[in-house]
Amino acid sequence: MAADKKIGAYICKGCGLGERLDTKQLASVAQKDAKANVVREHDFLCSEDGIKLIQNDIDKEGVNHVAICACSRRAKTDAFTFENVAVSRGNLREGVIWVRPDTDEAQETTQEMADDYVRMAVSEVKFLTLPGGNPEAKTERSLLVVGGGISGMTAAVEAAKAGYQVHIVEKTAALGGNGAKLHKRVPDHAPFAAPADTGVEALIKAIQGNKKITVHLNSTLTKTDGAPGKFAVDITTESGKTDTKVFGAIIQASGFTPYDANKLPELGYGKSKNVVTQLELEQLARDAKGGAIKRPGDGKEVKSVAFVQCAGQRSEQEGHLPYCSGHCCTTAIKQAMYFKDSNPAIDTNVIYSDLRTPGNGGEDFYRSGQDKGVTFTKGKVSAVEDSGGDLRVKFKDLILNEDTEELADLVVLATGMVANSGVDIENMVKLDGKDAAADAAATQVQKDKSVLNLTYRQGPDLPHLKHGFNDSHFICFPYETRRTGIYTTGPVRRPMDIAQAIEDATGAALKAIQAIENAGLGRAAHPRSGDLSFPSFRREGCTQCKRCTVECPFGAIDEDEQRYPVFNESRCRRCGTCMGACPVRVISFENYSMDSVGQQLKNVDMPDEFSEKPRILVLACENDAYPALDMAGMTRLEYSPFARIIPVRCLGSVNLAWITDALNSGYDGIMLMGCQKGENYQCHFVKGSEMAHYRMSKVDDTLKSLSLEPERVETHEIAITDIHRVPELINKMAETIGRIGMSPFKF
Amino acid sequence: MGDVIATNQSILVIGGGISGITAAIEAAECGKQVILIEKEPAIGGRISQLYKYFPKMCHPTCGLEINLRRIKANKNIRVMTLTEVTDVAGKAGDYTVTVKVAPRYVNDNCTACGECNKAVTGEFDDAFHLGMKKRKGAYLPYAMAYPQRYVIDPAIIGSDDASKAKAACKFNAVDLEMKAQSVTLKAGAIIWATGWKPYDAEKIQPYGYKRYPNVVTNMELERMMDPFGPTGGKILRPSDGQEARNIAFIQCAGSRDKNHLKHCSRICCMASLKQTTYLREKYGDEGKATVYYIDIRAIDRIDDFYQKVQADPNVSFVKSKVANITQNKENSNVILNGVNTEGYQRYSNEHDLVVLATGMEPSIPANAFPMKITINENGFIEQDEANGAIFAAGCSADALDVNRAVQSATASALRAIQVVNRVAGMEG
């Protein structure tokens, strides 16, 4: 503890605290046990007068560390924020008096609970340093867009409109992407009645005339190094010329590849030239130049066309896509209109299983198709056969419940989108190290496949989630990828149509701009937005074990030549998973450290083995478990007075050393409460909860070596709504201790 | 949360649901000054009333907690509740917005200790629980309400309860003299995020909502699943309070229908699929769900959720627009009548409860919008140059699920930033 720390402890008597607790005793605990320099009680601490009292101590007494012993850290945050002062909160209201009955019998243990929370708050704040921010924080206020399709172009134009410089890297010879291959697009404005101009030319023109936007054609990223604010990117042209440029943030708009329709021979693709994909029909429509669309096989004018929806999609069959590509229903309607608008006598039949035209306008467009005479048949196509150039479409009519067939001049397959998401870093080819030539070839294949070629320790691209898309997995925070400062947009993220891609890309541009601004100020991005701390480590203690670099959910940590961790502060999301991973306790944050938690658990008063007063340590995720515990208090649900709860940033930040320390200092039970892990994870740091569960699976050895029962340590997945469940779990632990007895490790 | 001074470089966000909250935070975290106004006493909007989100089956309050923390930590955001827009004047880069702030009758002193609530006795329909539960005249809107301050229902002003609430407060937080205020705010750009309301199910006459007790809406089912909700987390039949185990879901109740909402509301298919899993959660193999649908619109990547539900032997699907609902007088069961269009079979199916998947009606005053703006026939705000710097976000722009509403809100935040950066001369 540095000498210039002056700690003020403030004890509130409001909200019943004064009536329920002996606050003089609390003040004495703060002063004598916890050694606060200034200790004051107040009737109503969050009032103007109470705040003035604290501010006065800050201004006149030099108090620079404040322990507020009042309500939960989630309450009255506006009032209890002081400039340039570290603050801790002792939760006496939601965490003590609201979870304990107001009875004489309960009085003693309730007071002990409060005493401990005062000790904990003061010992925590002693080890908090107001983060000074990263002195090396800087930012390049230009951004890189990878991919020159509609998503990429939109992101570029929108970011430029907000005043930022943008570079677009496009691997082909022209801007436009798949959008440029379209004849027309589905309308996005009322009356949603007819196909509309694609807007691609206008976008290209807007880019060409924009001084803020630089375009690199025939180029790819051969190396991406650095971090938000200072990504150093090698842009290499087809001819091999490489240019290194620095960017503040990256938008990955690498788009999609059309599903390979050759995998669908049963639908006639590859057997008959008159079976085409939706994208190929666009070319036929462009070739027709407003006139009659002719089929590729023999140039005959198309008089009847069947649209086969969900071709190789929404299917469990091997080689098919399990998902829906979202746009194909409205695309089929649009394409049927290409025919109907030129000649209403052409038969157009859309054979579908579920027609999906959601949202504003989708249904209007569907109705417009019906009005124009497009036929819609609910059915499942089993085969498309060539019948002398014409096509025999065999399907089960699901309405008439019978197998049937129809003849068509042309068949259009609605094949899906496959994300251009680069290398699947979780399933990378392992180099065998024996055959150098084979390894070099494998490395080259991977390099060519990669979109970003990140130098990150955890792999060259963003992690894939479901079905090869780079989506974020979060519902509430769809842009948050696992690589800070790199945002995906458009169909690389999830299948989407043009209207959505435009909206999505505009949002992604905002996120990239935000990352640039945050990096410049050394601030964390979501979910600990604004946090100025960053991890630091004691180099001399580090054993180069690499756990932190492997376990960081955001790939923030690399290794230097000597295999020491390199933290890349602006990539860091401040979850503390590295701190939890470190076996030698050398990683910490200024405002969250081995000590800021460790000292809290050590400063809990530990009654002896014969007191019948066990102690249960609860380490609770601050986002879900802790609010659930708070709300249990607000609902006045009771739980054991023997629990001592410490909020943690993420269960991933829990270091086994805390568990060992707690067991050694006599805790009778330890409970870890984190978020759901696994496929549908709710952990806000993605892997934190999973890592904690994994680490805790090894705690049995520690327990065995201490001859302690395995029931003493539990790890739970808790949702924020588990308001009834959290007190029950705590009470159950208290019962368990009653059954197996107290820990013998009380000193 | 800060005390943002409104200037023509600040962004005004109207509506404090998921879209408005997102737009406000995303803009503020870019360093912009934002004022977020909400007409209810707390922000959170519709999502705060949902039990779970599809497709992850996670809890909306989990994301809300993160967002509230971001707001609390950000000095660039000022939140004004009980506030509604009465007038908008000016042009892009220079708007003057008049808002009316209704009295809360509780000031900043409030510590949310709840003593006022204990003191009062009168009870009123709780709008948060869609009127299915009562609350007192001094109340916290919901457990996670932000601002975390109690509210005095205007209905008790002048009554004994009002004086009791005032007397119970040790902190002088109850101020019965509080009056409605008119406040003028400046803004460079406006994000319109007033969300949606469930389509009024009573208007779908053949389905007997309000006539038959065991006809409920999907939002009402969400409230029933809340452990602190009107039924304590149980799916109960309003007729007799018995648990409903055989439940019908009617899709497109009011949507895709020229007589009602002519658009597809997008979320209702996934919402019903999600709700079929509530039965499994409650009853295991003992629950039975039947979904009456036209098309199941489990769009794009989340189609696998539909596939998972289809694989559940206790969930069946009937392709049919239900013709009407009658009631079994003996047991108040609902009887759904119609034709299964897959094979043209007539049916008359009895269920314990029917859930109407009511659609999304945009909450936009189409005829009384305070400014000239392009609103289409479906009631959504269209993107249009003529709208100046008023940008729709979320369900003001389209029928969207949460994920897409957040995308839309993030996009609208950038559009607003483009304008205020232009005002600040930053774009040059």
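This is a predicted model: local features need pLDDT of at least 70, side-chain atom pairs count only at pLDDT 80 or more; totals for chains, interfaces and linings use all residues.
A residue counts as buried here if 20 or more other C-beta atoms lie within 10 Å of its own, and as exposed if there are 12 or fewer.

Helix α4 of chain B covers residues 160-168, and its buried residues are Asp161(B), Ala162(B), Lys164(B) and Ala165(B). If you look down the axis of α4(B), these buried residues fall within an arc of 160°, so they line one face of the helix. That face packs against three elements of chain B, namely α3 (115-119), β8 (138-139) and β9 (151-152). Turn to the face pointing away from the buried side, and you will find the exposed residues Asp160(B) and Ala167(B).

In helix α6 of chain A, residues 200-208, the buried residues are Val200(A), Leu203(A) and Ile207(A). Down the axis of α6(A) they fall within an arc of 60°, so here too the buried residues line one face of the helix. The buried residues of α6(A) pack against α5 and β7 (213-216) of chain A, while the face turned away from them carries the exposed residues Glu201(A), Ala202(A), Lys205(A) and Gln208(A).

Now step back to see chain A as a whole. It has 19 helices and 29 strands, and its C-alpha trace spans about 95 × 60 × 60 Å along the principal axes. Of its 747 residues, 58% count as buried. Among contacts in chain A between residues at least 6 apart in sequence, 71% join residues at least 24 apart.

Tyr164(A) gives a local view of this chain. Its place is in the loop between α5 and β6 (165-169) of chain A. Tyr164(A) counts as buried because it has 23 C-beta neighbours inside 10 Å. Leaving aside residues up to four places away in sequence, Tyr164(A) touches Arg141(A), Ser142(A), Leu143(A), Ala159(A), Lys212(A) and Ile513(A).

Next comes a pair of helices in chain A. The axes of α4 (residues 104-126) and α14 (residues 594-602) come within 8 Å and cross at roughly 155°. An angle over 145 degrees counts as roughly antiparallel, which is why α4(A) is described that way relative to α14(A). The contact is made by Met120(A), Ser123(A), Glu124(A) and Lys126(A) on the α4(A) side, and by Ser596(A), Gln599(A) and Gln600(A) on the α14(A) side. Sorted by type, these residues are one nonpolar, four polar and two charged. The crossing itself is right-handed.

Finally, let us look at where the two chains meet. Here 74 residues of chain A are in contact with 67 residues of chain B. On the chain A side, α5 (150-161), α9 (362-371), α11 (498-521) and α15 (625-634) each supply at least two residues. Which helix gives the most to this side of chain A? That is α11(A), with ten residues. Taken together, the residues of chain A that touch chain B divide into 32 nonpolar, 25 polar and 17 charged.

Methods:
Residues are numbered from 1 along each chain as its sequence is written. Chains are lettered from A and ligands numbered from 1 in the order in which they are written. Axes are lines fitted to C-alpha atoms, for helices over the stretch in contact, and angles run from 0 to 180 degrees between N-to-C directions. Helices (H or I, at least four residues) and strands (E, at least two) are DSSP runs, numbered from the N terminus. Angles under 35 degrees count as roughly parallel, over 145 as roughly antiparallel, 65 to 115 as roughly perpendicular and the rest as oblique. A crossing is left-handed if the near helix is turned anticlockwise from the far one by less than a right angle, and right-handed if clockwise. Two residues are in contact if their C-beta atoms, placed from the backbone, lie within 7 Å. Ala, Val, Leu, Ile, Met, Phe, Trp, Tyr, Cys and Pro count as nonpolar, Asp, Glu, Lys and Arg as charged, and the others, Gly among them, as polar. The arc is that of the directions from the helix axis to the C-beta atoms.
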